[in-house]
Amino acid sequence: MQEEKCCVVTCDNPIDQNYWNQQYASNNTGWDLGEVSPAIKSYIDKLPSKSISILIPGCGNAYEAAYLMDQGFTNVTVIDIAPLLTAKLQEKFADTKGIKIIQGDFFDHEGQYDLIIEQTFFCAIPPSMRQRYANKMHRLLSHNGILSGLLFDREFENGPPFGGSRSEYENLFKAAFTFKQIEPSQDSVEKRAGSELFIELQKDDNIKVAPYAIDGITCSNCSKTIVGQFMAVDGVLNCSISTDFKELLLVSRSEIPIESLRRVLAYDKKYQIEPKS
């Protein structure tokens, strides 16, 4: 299978605004399909309303947005961190009504959307940020809102893109979302055939999703132990810890006092937990 790379060489640069701007400046866009993903196109074709509010984060060249505009959708927002790219999009869609183009960090964005379309954004962020992604998606979706699109069902030697698996995604999103679909994509382009999952996740409005900064974890065994301890707390539905052991995401039936969480970790003073906004 052809590898999809964001760089022509392995690099150790931070994956930030400068990084992505440089990829577009150098035309190192190996992930770019040059067209709307067939699986997402089929999904769009089945949407019952043209007026729903739609967000496409990490939109790239915005083929999905262009297709939505062609189909008569009237409330589409795209966001990307790369200024060079978004400037081109502003020019491309200058005479198009119903689309809003934002240059900025998705994790700083505020709003409410009926549908968020995932297309090569999740795989572009470091795995340590996936808890933040799940939390942010839940916050941005309106009542019964949908997160839908494609996730890789494979691993990559280096990233971005960063791979993943169905079991990882199920553990990350369970409890906060209802899984309407999470199945192998039947409409992938040839170079991604057999390596993508199509997801359709519906926000659960009846739970609390809260991120926490956590310190003191130094290995995966400690992480698994602490996850197990939090899962035993009454009311906790799901718990996951980022791969860099710096962030914990807790899904619960109601807000759990921070002192209750600190008592769980009190057996070892090196463990510290603080709520994040």
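1. Basis. The model is predicted, so local features need pLDDT of at least 70 and side-chain atom pairs count only at pLDDT 80 or more, while totals for chains, interfaces and linings use all residues. Residues are numbered from 1 along each chain as its sequence is written, and side-chain values use heavy atoms, with hydrogens and water left out. Helices (H or I, at least four residues) and strands (E, at least two) are DSSP runs, numbered from the N terminus.

2. Cis peptide bonds. Gly159 and Pro160 are joined by a cis peptide bond with omega of about 0°. The bond from Pro160 to Pro161 is also cis, its omega being near 0°. Pro160 sits in the loop between β5 (141-152) and α6 (166-173), and Pro161 lies in the loop between β5 and α6.

3. Ala62. This residue is not a glycine, yet its phi is positive, at about 60°. Ala62 lies in the loop between β1 (54-57) and α3 (63-70). Its relative accessible area is 2%, so Ala62 is buried; buried means under 20% relative accessible area, exposed over 50%, and partly exposed in between (1.4 Å probe, protein chains only).

4. Thr120. Here too a residue other than glycine has a positive phi, near 60°. Thr120 belongs to the loop between β4 (113-119) and α5 (130-140). Thr120 counts as buried because its relative accessible area is 18%. Leaving aside neighbours within four places in sequence, Thr120 is in contact with Trp31 and Arg192, where contact means heavy atoms within 4.5 Å.

5. Asp105. The loop between β3 (99-103) and β4 holds Asp105. Its relative accessibility is 32%, so Asp105 counts as partly exposed. Beyond its neighbours within four places in sequence, Asp105 is in contact with Ile79 and Ile81. The C-alpha atoms of Asp105 and Asp16 are separated by 9.2 Å, the two residues being 89 residues apart along the chain.

6. Nonpolar cores. A nonpolar core is a set of buried Ala, Val, Leu, Ile, Met, Phe, Trp, Tyr and Cys residues joined through side-chain atoms within 4.5 Å. The largest has 35 residues, of which Ile54 and Val76 touch the most other members. Helix α3 supplies the largest share of this core, five residues. Not counting residues up to four places away in sequence, Ile54 touches Leu68, Phe73, Asn75, Val76, Thr77, Tyr113, Leu115 and Ile117. A second, separate core of 30 residues includes Phe106, Ile125, Met137 and Phe173.

7. α2 against α3. Helix α2 (residues 38-45) packs on α3 at an angle of about 30°, with the axes 11 Å apart. Axes are lines fitted to C-alpha atoms, for helices over the stretch in contact, and angles run from 0 to 180 degrees between N-to-C directions. The angle therefore makes α2 roughly parallel to α3; angles under 35 degrees count as roughly parallel, over 145 as roughly antiparallel, 65 to 115 as roughly perpendicular and the rest as oblique. The crossing of α2 and α3 is right-handed, a crossing being right-handed if the near helix is turned clockwise from the far one by less than a right angle, and left-handed if anticlockwise. Ile40, Lys41, Ile44 and Asp45 of α2 meet Glu64, Tyr67 and Leu68 of α3. By class, the contact of α2 with α3 has four nonpolar, no polar and three charged residues. In this scheme Ala, Val, Leu, Ile, Met, Phe, Trp, Tyr, Cys and Pro are nonpolar, Asp, Glu, Lys and Arg are charged, and the others, Gly among them, are polar.

8. α5 against α6. The axes of α5 and α6 come within 10 Å and cross at roughly 50°, and the two helices are therefore oblique to each other. Their crossing is right-handed. On α5 the contact involves Arg130, Gln131, Tyr133 and Ala134, and on α6 Glu168, Tyr169, Leu172 and Phe173. Those residues divide into five nonpolar, one polar and two charged.

9. α7 against α8. Helix α7 (residues 220-231) and helix α8 (residues 258-265) have axes that come within 10 Å and cross at roughly 135°. That angle makes α7 oblique to α8. The crossing is right-handed. Ile226, Gln229 and Phe230 of α7 make the contact with Leu261, Val264 and Leu265 of α8. The contact of α7 with α8 has five nonpolar residues, one polar and no charged.
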